[in-house]
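Visitor: I would like to go through the labels used for this model and ask what stands behind each one.
Guide: Then let us take them one at a time.

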Amino acid sequence: HGGPPPCVAVATLRDNGFPAGCEGDVSALLTSMILGYIADKPAFMGNIVRADPRNNLVMVSHDTVPSRMAGFDQPLKPCKLRDFAFSERGVCSYVDLDTGQQAMVARIASNLDRMVAVRAEIVDCRDTVASRATVTVRVNDAREFFHKATGNHHVLVYGDHMVELRGLCQMLGIELIEL
């Protein structure tokens, strides 16, 4: 509120193996830590901005896309610096995510008793206005995902890590809701 946004710093921290969140969303930060460590890749956190139940599409949007979504050992993807929501408050970065890429989208509930996770395929990534990166993923049932979501920010990581997530949730006593 009034200061420059930390978007580029958050993305840079993620690229270097340090989970980072924004807007004080501890649930999304914990989910980023869990998925990031399981996948050994940085995770993207974003707001659900649209669900299209007819086509089973969910759009996730934010300003903090890591450049190493494919893995910490991968080269940085090119990023474009953009103004933050058409304001003079600062900059954010935009990175194209790989369409056709298998991914997971998840979020742990604020009381840590359950986590909703879904396998997804990235079908589009666009440089948009309010939040620079809007990622569209195809899921099995967008309506069910939207209704069972445990909050607004969700975390996306490349790959299918459901088996590992299932094991971790069982070990920690967290109910995993697989969609």
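Visitor: Why is Arg107 called buried?
Guide: Buried means under 20% relative accessible area, exposed over 50%, and partly exposed in between, with a 1.4 Å probe and protein chains only. Arg107 has 7% relative accessibility, so Arg107 counts as buried. This is a predicted model, in which local features need pLDDT of at least 70 and side-chain atom pairs count only at pLDDT 80 or more, while totals for chains, interfaces and linings use all residues. Residues are numbered from 1 along each chain as its sequence is written, and side-chain values use heavy atoms, with hydrogens and water left out.

Visitor: What makes Asp25 and Arg107 a salt bridge?
Guide: A salt bridge needs a side-chain nitrogen of Lys or Arg within 4 Å of a carboxyl oxygen of Asp or Glu. For Asp25 and Arg107 the N to O distance is 2.9 Å, so the pair meets the rule. Asp25 lies in the loop between helix 1 (7-15) and helix 2, and Arg107 in strand 5 (residues 102-108), so the pair ties together parts that are 82 residues apart in sequence. Asp25 is buried as well, at 14% relative accessible area.

Visitor: How many salt bridges does this rule give?
Guide: The count comes to seven. One of them joins Arg114 and Asp113, with the closest N and O atoms 3.0 Å apart. Arg114 has a relative accessible area of 29% and is partly exposed; Asp113, at 35%, is partly exposed too.

Visitor: What ties Arg166 to Glu178?
Guide: A salt bridge, whose closest N and O atoms are 2.7 Å apart. Arg166 lies in helix 4 (residues 162-172) and Glu178 in strand 9 (residues 175-178), so the pair links parts twelve residues apart in sequence. Arg166 is partly exposed at 36%, and Glu178 is partly exposed at 34%.

Visitor: Why is Ala109 called buried?
Guide: Ala109 has a relative accessible area of 3%, so Ala109 falls under the 20% limit. Ala109 is found in the loop between strand 5 and strand 6 (114-127). Not counting residues up to four places away in sequence, Ala109 touches Ser27, Arg114 and Thr150.

Visitor: How do you know how many helices and strands the protein chain has?
Guide: Helices (H or I, at least four residues) and strands (E, at least two) are DSSP runs, numbered from the N terminus. The protein chain has four helices and nine strands.

Visitor: What makes the protein chain as compact as a globular protein of that length?
Guide: The radius of gyration, taken over C-alpha atoms, is set against a globule rule of 2.2 Å times the number of residues to the power 0.38. The protein chain has 15 Å, close to the 16 Å that the rule gives for 179 residues, so it is as compact as a globular protein of that length. Of its 179 residues, 47% count as buried.

Conventions. Contact = heavy atoms within 4.5 Å.
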